[in-house]
Amino acid sequence: MNLEITPAQFGVRSSVSKPIPEFLLEMGEDGIRKMVSDHYDAIQKSDIFEIFPQDAQEFEDAKKHSADFMIQICGGPAYFNQNRGAPQMVGRYNPFRITAQTRQVWLELYREILIELERDGVTERSVTSWWNYINVFSNWMINTQG
């Protein structure tokens, strides 16, 4: 399985393909929520944690919002839109300084989790589809050079 991180290009917003529907079918909503929670738990121990909510409840809320978004992106119910409005992720992340290095760490932490998903039986095709989505989409979040 090739989970290579595409080099970041500041200001470039390439078109993004959503994950294949099989990813949601294989993972289920609970599986996606666990994947996101595991990712956030890894972030909490990383050097990019400072751009995430420091308050414990706000951090848990951020996990939920992120999982809602990911479920929606994968073709599930529109939980994010129902609870938070239209995603407009670039605007939502604008207050935080996100560099290419921040993106790199974020993706490296996801890559570790995705490798485990495949070991647990999620197909390589589905994992690769998810990776291809977050690898491109994460470049959109970079808002600070350096």
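The largest nonpolar core of this predicted model holds 40 residues, and Ile32, Met35, Phe52, Leu114, Trp130 and Ile134 touch the most other members. Such a core is a set of buried Ala, Val, Leu, Ile, Met, Phe, Trp, Tyr and Cys residues joined through side-chain atoms within 4.5 Å. Buried denotes under 20% relative accessible area, exposed over 50%, and partly exposed in between (1.4 Å probe, protein chains only). At least two residues of this core come from each of α1 (21-44), α2 (56-73), α5 (100-119) and α6 (124-140); helices are DSSP runs (H or I, at least four residues) numbered from the N terminus.

As a predicted model, it is treated with pLDDT of at least 70 for local features and pLDDT 80 or more for side-chain atom pairs, while totals for chains, interfaces and linings use all residues. Residues are numbered from 1 along each chain as its sequence is written, and side-chain values use heavy atoms, leaving out hydrogens and water.

Two packed helices are described by the angle between their axes and the distance between the axes. For α1 and α6, the axes come within 10 Å and cross at roughly 60°; axes are lines fitted to C-alpha atoms, for helices over the stretch in contact, with angles from 0 to 180 degrees between N-to-C directions. Glu22, Phe23, Glu26 and Met35 in α1 meet Arg125, Ser126, Val127 and Trp130 in α6, contact being heavy atoms within 4.5 Å. Beyond residues up to four places away in sequence, Trp130 touches Pro19, Phe23, Met35, Met70, Cys74, Tyr110 and Leu114.

Helix α5 has 20 residues and reaches 29 Å from its first C-alpha to its last, close to the expected 28 Å, the expected span being 1.5 Å times one less than the number of residues. Its buried residues, among them Trp106, Tyr110 and Leu114, pack against α1, α2 and α6. Just after α5, Gly121 takes a positive phi of about 110°.

Val122 lies in the loop between α5 and α6 and is buried. Leaving aside neighbours within four places in sequence, Val122 is in contact with Glu26, Met27, Leu117 and Val127. Glu116, by contrast, is placed in helix α5 and counts as partly exposed.
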